[in-house]
Amino acid sequence: MVRVFKWVFGLALLAVVGAAILDVATFDRAGWKRDYGLLKREMAQTYANLDWIRDHRKLDLATLDAETRASLDSAWSHVQAYLALRRFVAAFADPHLKLALAMGGKPEPATAPSEAQQSLPVDSCEAAGYRDDRSGFAERWSRVTGWRPRSASDDDFPIAMVGDTGVLRIGSFDDMRYLPACRRAFRAGMDADRLRAATRHQLDLQIARAMAQLRAQGALRLLVDVSGNGGGSEWVEEVVALMTPRRLVRSEPRLAAPKCDRSAIWAGGAVCPVLGGAAEQREIQGKGAWRGPLLIYADKGSASATEDFAAWLHQNKAATLIGEKTLGAGCGYANGGGRLRLERAGLEVRMPNCARFLADGTNEIEGQRPDIPLEAQDETSWARGMEAALRRVSVLR
């Protein structure tokens, strides 16, 4: 047995040494440096949060660039060069700015499929990319005094009652994660656009029915649980409209559209703004499926489209936020967003090409703070905190 172990260990060691030698032997420093230059040029022109992070978070871009160039100059392997680029990307602390290994073949298109592609019939929901990836209430809810589930655990949008508060769970704003709803909507001959619209209609009806059920069971207020909801699609605006009868207004997302070459930003030079145009207003007319007091429970896992959901309702004073500061992902990839292939490095970078701002001018990447904080070390203290928050809200209302 000892001899076999030594033999296996020796082979493993040889494999590691061989991989290290190959890594060093095939390393092309000049190629990695060219890729880094391409990354900087692309970020200067299309990374929507670059100016905000420089001006408000005070990230020293010139120093960061100098440190990254020095790391690449001294690197002698792919691993070292990769770590240098990973540190560079991580310095921006932006969840939508991502560095990953590029998959084989050509990178996916950065834009949506063409109209011709979208008009082709789809064979099934699975073939169209739908999946069953829903999430229900976290176990900690069961520790809240008076917790009474009012739906099956595998429902798309589970509901429960806590006293006279109805609780609705929305685990994702990505409509393509609700395969059962897609199957109910699917009809032979549908193209991708028609199927997606029909699926969203199914989801809207389910949410409206869930709220009606809570109201019928005596709910005086509605708490929407979007904890851990990492975002999704523009379907979020349809859900926002269900939550209130009011007309809501907020600033449109702003796209990266500079009017100059911004390469000098990495040396601390003056450049034109990365965001083009003035901020315009966008409206949502509420449909009023819910008409009573509204609460939103969000946490540090609530991000992207979920932050848009919270902002629409909170900024218009239509909802009270409970929980933790949201993640701070903000706007993501408008029309597919920015996607850059670094050929020599074998990496792909995704960067947000849009930015959303709150009413006070803050970029959503700074996260949204709750009106009623709820932070806890364990499930029991979380439950007691939620009970206290609901008592506080009932008094305020």
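How many residues does helix 2 have, and how far does helix 2 reach from its first C-alpha to its last?

**Entry 1. Ground rules**

I noted that the model is predicted, that local features need pLDDT of at least 70 and side-chain atom pairs pLDDT 80 or more, and that totals for chains, interfaces and linings use all residues. Residues are numbered from 1 along each chain as its sequence is written, and side-chain values use heavy atoms, with hydrogens and water left out.

**Entry 2. Helix 2**

I looked up helix 2, residues 29-46, and found 18 residues reaching 26 Å from the first C-alpha to the last. This is close to the 26 Å expected at 1.5 Å a residue; the expected span is 1.5 Å times one less than the number of residues. Helices (H or I, at least four residues) and strands (E, at least two) are DSSP runs, numbered from the N terminus.

I then listed the buried residues of helix 2: G31, W32, D35, Y36, G37, L39, K40, M43 and A44. Buried means under 20% relative accessible area, exposed over 50%, and partly exposed in between, with a 1.4 Å probe and protein chains only. An α-helix has 3.6 residues a turn, so residues three or four places apart point the same way. The buried residues of helix 2 pack against helix 3 (50-56), helix 4 (61-74), helix 5 (78-90), strand 11 (338-342) and strand 12 (347-351). Contact here means heavy atoms within 4.5 Å.

**Entry 3. Disulfides**

I asked how many disulfides the rule gives. The count comes to 3, where a disulfide is a pair of cysteine sulfur atoms within 2.5 Å. With bonded cysteines counted along the chain, the pattern is 1-2, 3-4, 5-6.

I recorded C125 and C182 as joined, S to S 2.1 Å. The torsion about their S-S bond is about -95°, so this disulfide is left-handed. The pair links distant parts of the chain, 57 residues apart: C125 is in the loop between helix 6 (115-118) and strand 2 (147-149), and C182 is in helix 7 (residues 179-185). C125 counts as buried because its relative accessibility is 2%; C182 counts as buried because its value is 0%.

I recorded C260 and C272 as joined, S to S 2.1 Å. Their torsion is about -100°, so this disulfide is left-handed. Both cysteines lie in the loop between strand 7 (254-255) and strand 8 (281-285), so the pair ties together parts that are 12 residues apart in sequence. Is C260 buried or partly exposed? C260 counts as partly exposed because its relative accessibility is 28%, whereas C272 is buried at 18%.

I recorded C331 and C354 with their sulfur atoms 2.0 Å apart. Their link is left-handed, with -95° about the S-S bond. C331 lies in the loop between strand 10 (320-323) and strand 11, and C354 in strand 13 (residues 354-355), so the pair ties together parts that are 23 residues apart in sequence. C331 is buried at 7% relative accessibility, and C354 is buried at 2%.

I found helix 10 (residues 305-315) mostly covered, with 10 of its 11 residues buried. Among them are F309, W312 and L313. What covers the buried residues includes helix 9 (236-242), strand 6 (247-251) and strand 9 (294-298). Just after helix 10, K317 takes a positive phi of about 55°.

I then looked up V240, which lies in helix 9. V240 counts as buried because its relative accessibility is 0%. Which residues does V240 touch, not counting those up to four places away in sequence? V240 touches L248, I284, F309, W312 and L313. The C-alpha atoms of V240 and G286 are separated by 7.4 Å, though the two residues are 46 residues apart along the chain.

**Entry 4. Aromatic rings**

I noted 16 aromatic pairs in the structure. Rings of Phe, Tyr and Trp (its six-membered ring) pair if their centres lie within 6.5 Å; planes under 30 degrees apart count as stacked, over 60 as edge-to-face and the rest as tilted. F88 and F92 form an edge-to-face pair, 5.4 Å centre to centre with 75° between the planes. Ring pairs link Y36, Y47, F88, F92 and W266 into a cluster.
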